[in-house]
Number of protein chains: 2
Amino acid sequence: MNGYRDLRVALLGCGSVGAQVARLILEQGDELAARVGARLQLAGIAVRSLDAKRDVELPQELFTTDAEQLVLGADVVVELMGGVEPARTLILQALEAGADVVTANKALIAAHGPELADAAEQVGAQLSYEAAVAGAIPIIRPLRESLAGDHITRVLGIVNGSTNYILDRMDRFGDSAEDAMRVASELGYLEADPTLDVEGYDAAQKATILASIAFHTEVPVDAVHREGITGITSEQIQAARNAGAVIKLLAIAERVTATDGTQGVSARVYPALIDRDHPLAAVHGGKNAVFVEAEAAGELMFYGAGAGGVETASAVLGDLVSAARRHVVGGPGIPGSAHADLPILPVGEVRTRYQVMLDVRDEPGVLAAIAGILADHGVSAASVEQSVPEDAAGTATLVIGTHTAREADLAATVDALRDSDVVTAVTSVLRLEGN
Amino acid sequence: MNGYRDLRVALLGCGSVGAQVARLILEQGDELAARVGARLQLAGIAVRSLDAKRDVELPQELFTTDAEQLVLGADVVVELMGGVEPARTLILQALEAGADVVTANKALIAAHGPELADAAEQVGAQLSYEAAVAGAIPIIRPLRESLAGDHITRVLGIVNGSTNYILDRMDRFGDSAEDAMRVASELGYLEADPTLDVEGYDAAQKATILASIAFHTEVPVDAVHREGITGITSEQIQAARNAGAVIKLLAIAERVTATDGTQGVSARVYPALIDRDHPLAAVHGGKNAVFVEAEAAGELMFYGAGAGGVETASAVLGDLVSAARRHVVGGPGIPGSAHADLPILPVGEVRTRYQVMLDVRDEPGVLAAIAGILADHGVSAASVEQSVPEDAAGTATLVIGTHTAREADLAATVDALRDSDVVTAVTSVLRLEGN
């Protein structure tokens, strides 16, 4: 203990995560003190309304509506309000006053991470946000510190629990998309505005943060190519199952070399097929996982709870202990990623594989025509499976799996298939990831 | 860069990991410098023989046989010699001279971790050993730092790639134990003395390290209850498969409350059944994974390559960057776990589940007799499956899955079953873990 003075912790926000953080700070005082080398004193909790109901019973005298005042006297500020303002301004004020900052605010970090990291670095303070991506799962620290001597090449994340829950129900219980979404909503898995989840906006924010950390490059959230899961049908889930795969909504951050040789970064979110043998395929229900490919380390995966008040509080407390220790032992915080400033490449430059399902005329020459379209675009087929449904006179179904090719060429191939006389309908287009 | 002086890195050992670490330090000088804030200068590589063949071509002038001399001038010492001596003495000398130390030496940390951690703490130096458990997988840092504000309750690790490879082949390809072992040996998966792998000695060293870090308690390696995989048969693998499970060699570190109320720690290694839906069941081939259960965070898993020269070098370099940064920014190293000094409880106090396979007489009253034996020991059955093989006149086979009970009571139950008149043979006893 060394008799170091108590450290003042200011908590901003008291929702499901904040209330658990407050409880753990109060209940585990001795243990946290042993790990930090000083006692953590919960100086106060800033809230919008003093009368709101909380998940946890907490001493009334801790609450205040004056966040600015609370921040000024703090050694460590824990921001769990969410949203961009006033969180951003309060964090900048805290950093200017020399406090360390811990936040779980993904929207804020996705939008203003570099600004906040710069502000922290200028005063030698620590800004940490382990809880902003994948809740309880330690992913930010491993990427920033454990892999600091390695070259990350790709990050594939299941980082939105709601959509994973929906897709998993459709796969494992045969639910329709509507049923799975209704159950997810009833269980409280979906945000009030489910668009944030199902259209991939939440995952895109996390893709931004993962790409920024993995590649030391600022990736604005609107540079993330984004496709949600609303178009995914039971038929696609079933077809994936038949092909030994599963559909997951992936947030992908990847080093990419463009056709002209430019080295850059791609960040994107879309539902994709993953082989059932891939570790990401075993991520069920509302769980999250981040699969990392690095030059030396090879393949790594980090798995756990991506949300939940007490689970996320674990990650916040880890950051809090680390920041508080820094106060005790001295030295500046670990600075944000050195900016490698790689260009952000459009999704067209990405190399991936497609699985395309087509209804085609059941007549001679069709396969040759389709093979010709693929060849025209420099795309080659890895597998072609044809079936003739009993009730579809004159029509056959084709499932084409391509080899790896440029996204732009694959997309152009699909357009050409759609325009072709022998194709009556393109019924499904999905990317295959993970290989 | 701030013009900080170059940092001298001394490398002890140049085997498969050491050669890759040397290569990466030399090849990635600029990037490492950007991350550290100072250049890493490879001051030398201590080896036993200057003429030995290396995995990587390295400048001859770097090599020396005088490890002691090399250590004295170093800022960071990277010890990759393996074995207890002279590694231990050299590390103590390095720490006394104020150097930080990075090691991948599991045998040394398992045997002398607390001594080395104390020596580091006394001089404010950093001792890190991310690569000592589960190779490339970041597990030490997440346990020590990310979960510093949480209570870890249990750690289940697949931490020996060779045995996982053998068990995985038996499960997925139907290999016999002998065939799987032969293939593992041919692929170089097994140590020269395979006993270290297949009898669980290697896993026990890692269990010691995991338990020490997770529970802030010194756990000597000979306090680890250890059972290997040499008794595992194809029949058991097949029976596991039929029961929707898979057999994995697990290193387990767990908080346990003894019958008399004592709070303590258990560390053990044994092959156990894991449900196929459990994330650990999807860990195939030579891969490693560590599954962590914590009070707040819930379930987490860390997955990746547990061995391999370049993979392990990734973890070593992460530690090296972290130690080097500390030199640049100042402040002491993060101290080793505060010693909670929980008692280490015997395996009999652990609560687990058993799956027991029996040959019994096929006559009335047998089930009642067996149920009576279970009840006498306070053990209750969760499932009983009976089958009568066609060729075994008068004999039936029973598979009993128990509910959770004390290991000592479960073991006594099996002894009593073995002695019972109605039981002709106990053909398999395995624990079920992961629930």
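In which helix of chain B is Ala240(B) found? Ala240(B) belongs to helix α11 of chain B, which covers residues 234-242. The views below show close-ups of a predicted model.

View 1. Leaving aside residues up to four places away in sequence, Ala240(B) is in contact with Ala245(B), Val246(B), Ile247(B) and Leu273(B). Ala272(B) lies 32 residues from Ala240(B) along the chain, and their C-alpha atoms are 9.8 Å apart.

**View 2. Strand β10 of chain B, residues 263-275.** Of the 13 residues in this strand, 11 are buried, and the strand is mostly covered. Strand β8 of chain B (residues 225-226) runs parallel to β10(B) and is joined to it by two bridges. His225(B) is placed opposite Arg268(B) of β10(B). Strand β17 of chain B (residues 423-433) also runs parallel to β10(B), with three bridges between them. Here Ala272(B) faces Arg431(B) of β17(B).

**View 3. The hairpin of β9(B) and β10(B).** Strand β9 of chain B spans residues 245-257 and is antiparallel to β10(B), the two being joined by 13 bridges. Within this pairing, Lys248(B) stands across from Ala272(B) of β10(B). Five residues lie between the strands of the hairpin, and Gly261(B) has a positive phi near 95 degrees.

**View 4. Helix α13 of chain A, residues 366-376, and its buried residues.** The buried positions of this helix are Val366(A), Ile370(A), Ile373(A) and Leu374(A). Viewed down the axis of α13(A), these residues fall within an arc of 100 degrees, so they line one face of the helix. Ala368(A), Ala375(A) and Asp376(A) are exposed on the other side of α13(A).

**View 5. Packing partners of α13(A) and the residue that follows the helix.** Gly378(A) follows α13(A) and has a positive phi, near 70 degrees.

Note on methods
Residues are numbered from 1 along each chain as its sequence is written. Chains are lettered from A and ligands numbered from 1 in the order in which they are written. This is a predicted model: local features need pLDDT of at least 70, side-chain atom pairs count only at pLDDT 80 or more; totals for chains, interfaces and linings use all residues. Side-chain values use heavy atoms; hydrogens and water are left out. Helices (H or I, at least four residues) and strands (E, at least two) are DSSP runs, numbered from the N terminus. Contact means heavy atoms within 4.5 Å. Buried means under 20% relative accessible area, exposed over 50%, partly exposed in between (1.4 Å probe, protein chains only). Two strands pair if DSSP finds at least two bridges between them. The arc is that of the directions from the helix axis to the C-beta atoms.
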